[in-house]
Amino acid sequence: MAIPEQVLMEIKYRNDIETVISPYVNLKRNGRILKGLCPFHNEKTPSFTVYPDSSSFYCFGCQVGGDIFTFTKLIENLDYIEAVKLLADRSGVTLPEDGYDDSMQRLRQNILNINKESAKFFHNYLLSPGGKWALDYLIGRGLNLKSIKHFGLGAAPDNWDTLYKHLKGLGFSDNDMLQANVISRGNGGRCYDRYRHRVMFPIINLRGNVIAFSGRKDPKDDKVAKFVNTSDTLVYKKGQNLFGINFAKNDCAERIILVEGNMDVVSMHQAGFTNTVGSLGTALTVEQAKLLSRYTKEIVVTLDSDEAGQKAVMKALEQMKDVGLPIRVLVLPECKDPDEYIKKNGAARFKKLLDGAVSDVEYKLLRAAEGIDMSGDDGRLKYLIKAAEVLASIDDALTVDLYENKLSQKYGVSKTALASKIAEIRKNHIRTRQKKEISDVITPRFSRDDINPEKRTIPKIVAAEETVLSVLLQHPDLFEKAYEKLKPDDMVSAFNKRVYSEFVNILIDKSAIDISLLGDKFTPTELGFIVSLQNGIMNPENMLNDCINVILTEGRIKALGNAKDTTVDEWQKNLQDIINSKKGE
């Protein structure tokens, strides 16, 4: 059963949609609406729109929409019931003890409990005689016990089922442990520990829950993978989390430092740089970049100095260019990573280095020079062309002008010539982008994921159906007139029939349609489509009648064409009836 409507409305009343969304999206008022960059896809121009009057949102870019429950579900990676519960907890609304299916919520909570108990187990084992090898390794890397305890670091025993038996003794089921990804199951059905003889780093989310683990091998063991990490689970998505964010969020209002490894994060915090997070061993994702942008004014990227690390820096800059924050890059001289630099030179020198981090543009220009012999004209020309490529990708005119001046003075070329080359490259980029946009427009974008694929085959009927739905959303007082003529089964397209059926169920008893009453019945994309129908309708009653006539008439014609068993005489009679009805006879 669904959560009672009065409870949903109470939660919605206490959670203003602007208040719910603004911590995640920088919203700017535009008349009666609010706009910002969508948190669910990468974009440069704001297409994410909030409608305070209807307490709904819609993104014109990715077509996702809904209400506070849908937004919370998506942004926090929860299911619908969990999103409702989270918003209820925030606003002091008590949910009924039963009456809805909370099996997914209970599984999620069980996974969090399993992770919590596993983290305790690993930490206690680290401090026991059996974990001495791992403790020696951590201390040998320069960590002290305070930092080890602060981050809850641990060790996994060199046995097949020690953690499994421990969790089993606490009452957890095999299935829940498998869902948590702390154990695996062999071909014979036997369960065994996923982490064995490893240094364990618990990954903790913003709410303080252990959501995953990263297990590093014993440095003396060359026969196994360096890291074993938790796969995606109900509570963990690698590309959406950052190691150390639970601590860094409290001390990063001005700046966040992004490093590569978990050990770097712990070492940096120990050295006093508590605004440091790690990318969990993967190239930075759009979701991680947007997570960072919620908490700080500036991001400093300092990844490993090897080729893989520098490629990761370029990837990170690409992902973060649209988050709207200044980005700088720390280039480490003669050291592989921040941990090594601090050990060699101390925290004070690292702080000076950090303050002198170069801008993302400067870093790209430095990278452009790699592998080029600048002693001759050919090398300088080759570099200037690569530098022009970098500047052609920058939209800010002042930034481009600044570096045009610097490069022309340094390499003895006229600023006019350099600016001309940049303009030529930018023009080519624009032409390529326009070709892609035109291709996207003229190429039909129908797919099996399209919410209403029948729009392709019966566009006239579907358009009329959508208009009926739009009228009822905005003018529910016309429902009785619509329902008198148009029943759900009269709708031709399957999706619009679903929507209209839900509208009917609501409007039979109520005076208006609230998006919250649809939240557990449609996907975010489907809800986005419904929200998009909330645009102004001129002459709604006339429009309603016209569209109902189209649906009924065109629907009967379509049905007539599909009637394989109809005789010629019957077909002619049915067609004449339709013609007469259209004439009003």
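Me: What should I know about the model before reading anything off it?
Reply: The model is predicted, so local features need pLDDT of at least 70 and side-chain atom pairs count only at pLDDT 80 or more, while totals for chains, interfaces and linings use all residues. Residues are numbered from 1 along each chain as its sequence is written, and side-chain values use heavy atoms, with hydrogens and water left out.

Me: In what order do the strands of the open sheet run?
Reply: The order is β13-β12-β14-β15-β16, 5 strands with mixed pairing. Strands are DSSP runs (E, at least two residues; helices are H or I, at least four), numbered from the N terminus, and two strands pair if DSSP finds at least two bridges between them.

Me: Which strands stand at the edges?
Reply: β13 (276-278) and β16 (358-359); each has a single partner strand, so one side of each is left without a neighbour in the sheet.

Me: And how many bridges join β12 to β14?
Reply: 3, between residues 256-259 and residues 299-301, and the two strands run parallel. I256 stands opposite I299 in β14.

Me: Switching topic, where is K116?
Reply: K116 is in helix α5 (residues 103-126).

Me: How far is its C-alpha atom from that of A212?
Reply: The C-alpha atoms of K116 and A212 are separated by 9.5 Å, and the two residues are 96 residues apart along the chain.
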